[in-house]
Amino acid sequence: MGGKKTSRKSSGKKQGKTSGSKKSRAGGKKSRKTRRESGLEKHIEKELKRVSEVLPPSLIEELRTKLLEVKDIITKEEASRIIELARLDYLNNLVEPAEPVGTVAAQSMGEPSTQMTLRTFHFAGVRELNVTLGLPRLIEIVDARKTPSTPIMTIYLDEEHRGDREKAKEVARRIELTKVENVTRRHEIELYEDPETGNYIFTVILELDPVMLEDKGVSRDRIIKALSKLKNIEVSEDPENPYRIIASSVARDLTHMQRIKERILGVKLKGIKGIRRVIIQKRGDEFVLMTDGSNLEHVLEVKGIDPTRTRTNNINEIEHVLGIEAARRAIIDEINNVLEDQGLDVDIRHVMLVADAMTRTGEVKQIGRHGVSGEKESILARAAFEMTVRHLFDAAARGETDMLTGVTENVIVGQIIPMGTGVVDLYMSPSKARPPGQGE
Amino acid sequence: MVTRFNVLDHELVPKHEVLKPSEAVEVLRKLGTTPDKLPWIRASDPVARAIGAKPGDIVKITRRSPTAGVSIAYRFVIAG
């Protein structure tokens, strides 16, 4: 529980006060005026520095700009007072010790999510790519699924490639996975049975599609080269038709033959595993690639992209390639995207708390049975969540003790929960107590 | 693959620094906590490896925060 909350309404409100500052417009006094102003600015800086231990940098910055806007009409004393008021207001808005921020976060995200369920389906399928949005996506994120149901990457390009559609296409070709079957128009199989061994001798005739070859930037020789790397397969070209490639092999039976055929068609010609489709989009004045499928690790190594901005919606991949802090950031961004997309106004601090809880142990844990809730210290709290009997049995078998430090377990045994005023313990030393009648 | 991309350059990755033992003690004193109660980061984490953090270290993370501008967090490096 480390959430800090501040309402930011208050800072720098006191602009209305005009009072004591002398408006010395006369030309002769100009030098004195600037000296006084710079004195005020110095004073503001000094005061801001004093509160910089307490206030976060963004508030300091806001105070500074607001104060400098009104520097002509305020005095040093007023400036000090504004800054002091901002400091007090900030301290007033911090989370109190023992405030159940987790529960508040859960409620604050849970309530708007009920609105989402009803509306989500109408929003599905925007743009060319079908993206999971709304509640299904939210569940996916907090469940920390290994792969999202619609993995998508946003690939930014480097300076050389971002301005030109043709250059962007060049990079797109490097990324999009192209298999033999993507560039063949059709394929035929000719099959003979070898009377001696009972094996099937067969040939797969691939008829290449010149349009697709051109589009994907693959040459015929490249296909032949890729195919000849396969074991037990002989590749030859048709002397009459340059767009026909013949691959022959031997199979034990028909299912085996089907498998070999699938292998031939599935040979990777270029691109990156897992990237099924690449779409070129224009964003502002640069071209950006959107992909269907995600493979962050390998895409980051592709020439022509901007690896510092390229990202994916697969949080698991981000965790493995960029680390836990990047995953935390990604969780916040993804949840925020979903909420914003649905027009729900949830304070980002709640989302940040969720991301903090999920990444606390150094790896992304789901909120649920196998993660945050399922690994609680307390037996009773775990039993109250899911699989009650199993948890109680296991704990009994191991002779575990419940220290009753959390909320759930104290509700179960009927004690005051350690939240809010419940965290305060009161001790009395009878020896020091005054006898009745004396004192107040 | 000529030069491998440095994960520290990615916009999602905030600045990580390994604290010197003296700084670490100071931080723990200020927060009034023990290392194991900080959030963790694994020694096998790509960023932890990139900055050479060893189990037992404390890593200072300077995040860009939408609410505070800049916020500082600490993670305790654990084995694994």
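What share of the 80 residues in chain B is made up of buried residues? Let us find out, and then walk through the rest of the model.

## Getting started

Buried residues make up 40% of the 80 residues in chain B. Here, buried means under 20% relative accessible area, exposed means over 50%, and partly exposed lies in between (1.4 Å probe, protein chains only).

This is a predicted model, in which local features need pLDDT of at least 70 and side-chain atom pairs count only at pLDDT 80 or more, while totals for chains, interfaces and linings use all residues. Residues are numbered from 1 along each chain as its sequence is written, chains are lettered from A and ligands numbered from 1 in the order in which they are written, and side-chain values use heavy atoms, with hydrogens and water left out.

## The layout of chain B

Chain B has two helices and four strands. Helices (H or I, at least four residues) and strands (E, at least two) are DSSP runs, numbered from the N terminus. Read from the N terminus on, the elements of chain B follow the order β-α-β-α-β-β.

A contact means heavy atoms within 4.5 Å. Among contacts in chain B between residues at least 6 apart in sequence, 57% join residues at least 24 apart.

## Where the two chains meet

Chain A brings 33 residues to the contact and chain B brings 30 residues. Between them the chains bury about 2,600 Å², 55% of it on carbon and sulfur atoms. Buried area is the accessible area (1.4 Å probe) that two parts lose on being put together, summed over both. In chain A, Glu301(A), Leu322(A) and Glu325(A) lose the most area to chain B, together 25% of what that side buries.

There are 13 residue pairs in polar contact between chain A and chain B (both at pLDDT 80 or more). A polar contact is a pair of N or O atoms within 3.5 Å; within protein, one must be able to donate a hydrogen and the other to accept it, and residues adjacent in sequence count only if both atoms are side-chain atoms. On the side of chain A that touches chain B, helix 14 of chain A gives the most, with seven residues. The residues of that side divide into twelve nonpolar, eight polar and 13 charged. In this grouping, Ala, Val, Leu, Ile, Met, Phe, Trp, Tyr, Cys and Pro count as nonpolar, Asp, Glu, Lys and Arg as charged, and the others, Gly among them, as polar.

## Salt bridges across and within chains

A salt bridge is a side-chain nitrogen of Lys or Arg within 4 Å of a carboxyl oxygen of Asp or Glu. Over all chains there are 37 salt bridges, and the count between chain A and chain B is four. One of them joins Arg63(B) and Glu325(A) (2.9 Å, N to O). Arg63(B) lies in strand 3 (residues 58-65) of chain B and Glu325(A) in helix 14 of chain A, so the pair joins two chains. Arg63(B) is buried at 11% relative accessible area, and Glu325(A) is buried at 3%.

Arg311(A) and Glu11(B) also meet in a salt bridge (3.7 Å, N to O). Arg311(A) is partly exposed at 21% relative accessibility, and Glu11(B) is partly exposed at 38%. Within chain A, Arg50(A) pairs with Glu47(A), their closest N and O atoms being 3.3 Å apart. These two are separated by about one helical turn because they are three residues apart in helix 1 (residues 30-51) of chain A.

## The nonpolar cores

In soluble globular proteins, nonpolar side chains tend to be buried together. A nonpolar core is a set of buried Ala, Val, Leu, Ile, Met, Phe, Trp, Tyr and Cys residues joined through side-chain atoms within 4.5 Å. The largest one here has 57 residues, and those with the most contacts inside it include Leu322(A), Ile331(A) and Ile335(A). Helix 14 of chain A supplies the largest share of this core, nine residues.

Leaving aside neighbours within four places in sequence, Ile335(A) is in contact with several residues, among them Met109(A), Leu138(A) and Val351(A). A second, separate core of 23 residues includes Phe202(A), Ile224(A), Ile233(A) and Ile245(A).
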